[in-house]
Amino acid sequence: MVPLQWYMYLSAALFSIGVFGFLTRRNIIMMFISIELMLNGVNISLVAMSHYLQDPRGQILTFFVITVAAAEAAIGLAIIISVFRNKETVHVDELTESKG
Amino acid sequence: MSLLEIFFFYHAIVIVTLAAFIITRSNPVHSIVLMLILFFHIAGLYLFLDAEFIAAIQVLVYAGAILVLFLFVVLLLNLKAEMASRLYIIRWPLGIIVISMLLIVMFAGVKSFVPGPKGDFTIQLIAQETHTAAIGRVLYTKFLFPFEVASLLLLVAIVGAIVLAKKHIKT
Amino acid sequence: MAYYKLIPVLPLAAFWINILLGRRYIKNFAHWISVPAVLASWVIAVITLTDIVGGKVFNQDIYQWIVSDGFRVSVGFLVDPLTAVMLIVVTTVSSLVHIYSIGYMHDDPGYYRFFAYLSLFTFSMLMLVMANNFLQLYFGWEAVGLCSYFLIGFWYQKKSASDAAKKAFIVNRFGDFGFGLGVILLFLTVGTLHYVPAFAAIGSFVGHKISIFGTQYDLITVIALLLFCGAVGKSAQIPLHVWLPDAMEGPTPVSALIHAATMVTAGVFMVARCAPIFNLSPTAMMVVAVVGGITALFAGSIALVQNDIKRIIAYSTVSQLGYMFLACGVGAYAAGIFHLFTHAFFKALLFLGAGSVMHAMSGELDIQKMGGLKKYMPVTYWTFLLASLSISGIPGFAGFFSKDELLWQAFAAGPTGKFVWALGALTALLTAFYSFRIIYLAFHGEFRGTEEQKHHLHESPKSMTIPLIILAIGAVGAGWVGIPPLLGETFGLEHADKFGEFLAPVVGHPHPVAEFSHSTEWGVMVLSIVLAFSGLLGAWYFYMKNTAVPKALREKFGFAYKVLWNKYYIDELYDYIIIRPVVWVAKNIIVAVTDGKIIEGVVNGVPAAIANFSQGLRRIQTGLTQHYALYMAFGLILIILYMVR
């Protein structure tokens, strides 16, 4: 039997790696990829808990997380395309319009 | 060590290694392909956890739709220039420190985690009818409202993506 | 029938109507509102007097004003003999001044305002005299001070007038501060502010001591002296007399009403009303008498050399008020009030006569520039003469009876009394002298003014001369109600001192004078008459017979003349001691430091501090999403730490 804690350690590790990627990469697309990593980390934790606590709610939530991740990826990428058309760059340190 | 544990370790190590690789590639296309493999391994983990439906959804939606979307957008970039330019925002060691702290805190949280009472969604129940049917029954009765909201959300996402990414034809 | 409540209400209504509707609608018909109102008050006052003479006394609380735990004050009216006398004085003089003002203020642009303020003043004075508690008295006290400010500074565009108004109000404030303290102390002692219970209770506090800055003082003396402070301010005694001569900047009817007959007499009224308190403190009474006596002599001496006709009469008022306090201080309250009564008539007459003279001389005030007006304005001359005879104490006129009575009571009241009697007798000489100085310089002899003024000389209109005539009747006849018992017995009149007996239930009888023989009394009376005639003859000699004498005296006693002419330099003294330091403090401490540095510092500093803080806070917003995510990560770590703890 694999203890629940191992799944949770795995989820924490995957989430942290996602955070690192989000905080440090310059490319917007890499940031979005890091977001997907974070979301997947959370999904692992949810499904594991659902299995161990025998409660369907974890898996239902995972279902919704995947749905929302899809929607968010779509819109986010559409925004990237818009920004790219205007500014010709995908480097975040050049996109500081909200400074001040 | 039982077979289950070996499988788990294999999947876990691959997942973590792949994730580490994904965020450090200079070529975005490499990252995306590595992500594909990552998603398959995660789906494998889900299968271990008796959640076939979620595994299928994972592969279908993530690997099938989202990664394709990413790939299309990456095609916009000038890859050669992208690979040559600076990867990280300055001071990435700060990131290492931050996530070390995050990891430590989360591991401490896991250690002190006390699981709650067990529900009645047992494996036998799943084995009786398929996992899909079991999830479906719960989804369409108790969680109907969030389901409908999610569908609206997807509608908004579709419309929004089209509106945002449309090319404005100057007349 | 409680019609006496209407007495103050009618002038108040006249005030409101005139002040609210005066500018647009009433304008030059303002006298049609005020004069009937005040005349109606006069009629009711006379009816009330007949009631009081018949023995009734009204004391009624109309309205519960303040109800606060142990402190209760009502608006109420007390109408007893003392009040009745004051009511007659106030309403009579006020009505006559109102009528006089119709002619005097005829062309003034602020016509309606003048009548409004006159009516408001009448209301305030009536509230003061009809009050049945100290708080209402204080209200009336302050209100008459306020109206005095309005009326002195009536021609507010003139700087000297507005300065004089401010001076009057501020100097009064000094006195009112002491008065307020006295009222508070009285309340703390007896627990009530209404007259009747307070006077009943004060007797049990004789001999109590109060500790001020470590030293023990007699409680009742302190209360009485503090109350007297207010009287010193309001009635222009030394050292707070400085505002009254300057108050002559106001129109002459104002001087007649306020600074001769009513407001300045409020101090005397208050002392008489508080007779139960003063009677318990011989020290306070001595202070009152001495201050009164010294002021009388002091002001009389200044009046000798002034040339401004109104100022001479103003100093004369200060001097006569000194007489009234002198009387009250020796215990002869009835005599003091009697002098107040007669003084109201002849002093108002003197002022209105002076106004008439000014009206004819196109505003000229200097008596050295007048002369021979007798043939141009006979009515004014004869009434003025009657008033001067009365004030000098010539037998047969009202002033003689009142002044003689109070001088005799002073003489009979012990060593202090004799001292103040001497002051008073000397002042009588001076009074006669300066009063007739005006007569001889202004009305007799040759006209010394300009040709243009000569063309304008004419008698005043009926609206001005009729009040003069009425007042003259009072100046002569008002004394007949208070003939001293000595004379009464001589002429076979029993109970001749109707006035004193009328007031006795309120202010008591003066000290018994039985130990003095009749011959002493006659001697004092004859001495007063001799002094009066000497003053009269002296003035005649100086200004009619041998006009070189004044000039020669002025040369010989140059220094004394200069001191008197400059009013003993008291105004300059106050300027150095009080005004300059205050102005210096205001400029350099209040404006520069408290206002400039502290308040401005806060008002400017707080926004500046906020702005600096926000500038610093702005730097968080770098525009870089990763930085925001970093903050979020930190927050997340902290949250998990908190939940794991």
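Me: What range of relative accessible area counts as partly exposed?

Reply: Partly exposed covers relative accessible areas between the buried class, under 20%, and the exposed class, over 50%. In this predicted model, C:Arg173 is partly exposed because its relative accessibility is 38%.

Me: With which residue does C:Arg173 form a salt bridge?

Reply: The partner is C:Asp176, with the closest N and O atoms 3.5 Å apart. Both residues belong to helix 6 (residues 159-190) of chain C, where they are 3 residues apart, about one turn of the helix. C:Asp176 is buried, at a relative accessible area of 2%. Elsewhere, C:Lys167, C:Asp246, C:Asp308, C:Arg311, C:Lys567 and C:Asp571 are joined into one network by salt bridges that share partners.

Me: How many salt bridges are found over all chains?

Reply: The whole structure has 16. One of them joins the side chains of A:Glu94 and A:Arg26, at 3.6 Å from N to O. A:Glu94 is in the segment after helix 3 (57-87) of chain A and A:Arg26 in the loop between helix 1 (4-24) and helix 2 (28-53), so the pair ties together parts 68 residues apart in sequence.

Me: Are A:Glu94 and A:Arg26 buried or partly exposed?

Reply: A:Glu94 is partly exposed, with a relative accessible area of 42%, whereas A:Arg26 is buried at 7%.

Me: Which residues make the nonpolar surface patch of about 1,100 Å²?

Reply: Among them are C:Trp584, C:Val585, C:Ile598 and C:Ile610. C:Ile598 sits in helix 26 (residues 570-618) of chain C. Patch residues need over 30% relative accessible area; C:Ile598 has 47% and counts as partly exposed.

Note on methods. Residues are numbered from 1 along each chain as its sequence is written. Chains are lettered from A and ligands numbered from 1 in the order in which they are written. This is a predicted model: local features need pLDDT of at least 70, side-chain atom pairs count only at pLDDT 80 or more; totals for chains, interfaces and linings use all residues. Side-chain values use heavy atoms; hydrogens and water are left out. Patches are made of residues with over 30% relative accessible area and no salt bridge: like charges are joined within 9 Å, nonpolar side chains (Val, Leu, Ile, Met, Phe, Trp, Tyr) within 5 Å. Accessible areas come from the Shrake-Rupley method with a 1.4 Å probe; for residues, only the protein chains shown count as cover. A salt bridge is a side-chain nitrogen of Lys or Arg within 4 Å of a carboxyl oxygen of Asp or Glu. Helices (H or I, at least four residues) and strands (E, at least two) are DSSP runs, numbered from the N terminus. Buried means under 20% relative accessible area, exposed over 50%, partly exposed in between (1.4 Å probe, protein chains only).
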